Amino acid sequence: MSPARSTAQLPRTAAPRLTVDTHQIHLWVIGTEWAGDHPEHMVTSELDDRERERAAAFVRPLDRLTYLMAHIALRRLLTAYTGIPPAELPLGRDTCPCCGGPHGRPVLHGTGLHFSLSHSHGIALISIADAPLGVDVQRVPTQETVELCLPELHRAEQQELRALPDAEQPLAFGRLWTRKEAYFKGLGTYRHLRAHETPEQLVCPLLH
């Protein structure tokens with residue numbers, strides 16, 4: 001992702017084809033069928049070097065396909081909302097709300113448009129809005145995964161899940177996890193509450 005650029009430097013070659021109104025959220029769901037019968041022919045030239053390197057690092061073909069599909073689709077959607085060519089989008093990172101470092105949520109500099117991207121197991125979810133937001137998509141876990149991850153959750157979340165019958169826990173855990181991921185992605189913190197923490201300690205850990 002490239003560094004920040006001012007609005008005056010933004011390349012524009014076409015009028016936006018899509019618009020998102022105030023207080024609206026547009027959600028786009030993309031599956032691997034979007035890549036067609038020959039996913040190896042996807043136009044990776046629209047991605048930057050870092051995205052292509054990350055895609056090449058995936059060992060499993062489905063993971064590589066999901067990553068490429070998600071990032072190409074994201075760039076093409078942002079083009080539809082801004083008129084900026086996919087390869088020239090001024091993508092970058094916001095400052096971290098906890099430490100001020102350059103590793104906050106992904107942003108599209110100089111446009112006033114906000115987005116969030118999540119992808120997993122052949123599904124990509126993209127949200128577009130006029131304010132910061134977050135989305136997440138995950139496969140429903142197994143009961144074994146739920147038991148393994150339970151100790152990492154906040155005490156209140158552990159109690160919420162353990163109050164359910166075993167058969168209902170995987171779906172409930174999946175909903176809880178994606179809800180947390182989406183919320184913290186919107187904040188730009190990317191870290192969950194641990195069992196002993198309060199919400200204030202997560203949002204501003206440097207104050208404690």
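## Surroundings of serine 116

Beyond the residues within four places in sequence, serine 116 is in contact (heavy atoms within 4.5 Å) with Leu125, Ile126, Ser127, Leu133, Gly134, Val135 and Lys185. The model is predicted: local features need pLDDT of at least 70, side-chain atom pairs count only at pLDDT 80 or more, and totals for chains, interfaces and linings use all residues. Residues are numbered from 1 along each chain as its sequence is written, and side-chain values use heavy atoms, with hydrogens and water left out.

Serine 116 sits in strand E4, residues 114-120. Its relative accessible area is 5%, so serine 116 counts as buried (under 20% relative accessible area, 1.4 Å probe, protein chains only). A polar atom of its side chain lies 3.0 Å from the backbone nitrogen of valine 135.

## Nonpolar cores

A nonpolar core is a set of buried Ala, Val, Leu, Ile, Met, Phe, Trp, Tyr and Cys residues joined through side-chain atoms within 4.5 Å. The largest has 27 residues, and those with the most contacts inside it include Leu113, Phe115 and Ile126. Helix H2 (61-82), E4 and strand E5 (123-129) each supply at least two residues of this core, and H2 gives the most, with 11 residues. Another core, of six residues, lies apart from it; Val146 and Phe173 are among its members.

## The chain as a whole

The chain has six helices and five strands (DSSP runs, H or I of at least four residues and E of at least two, numbered from the N terminus). Of its 208 residues, 42% are buried.

Key:
Buried < 20%, exposed > 50% of the residue type's maximum accessible area, 1.4 Å probe, protein only. Polar contact = N/O pair within 3.5 Å; in protein donor to acceptor, adjacent residues only side chain to side chain.
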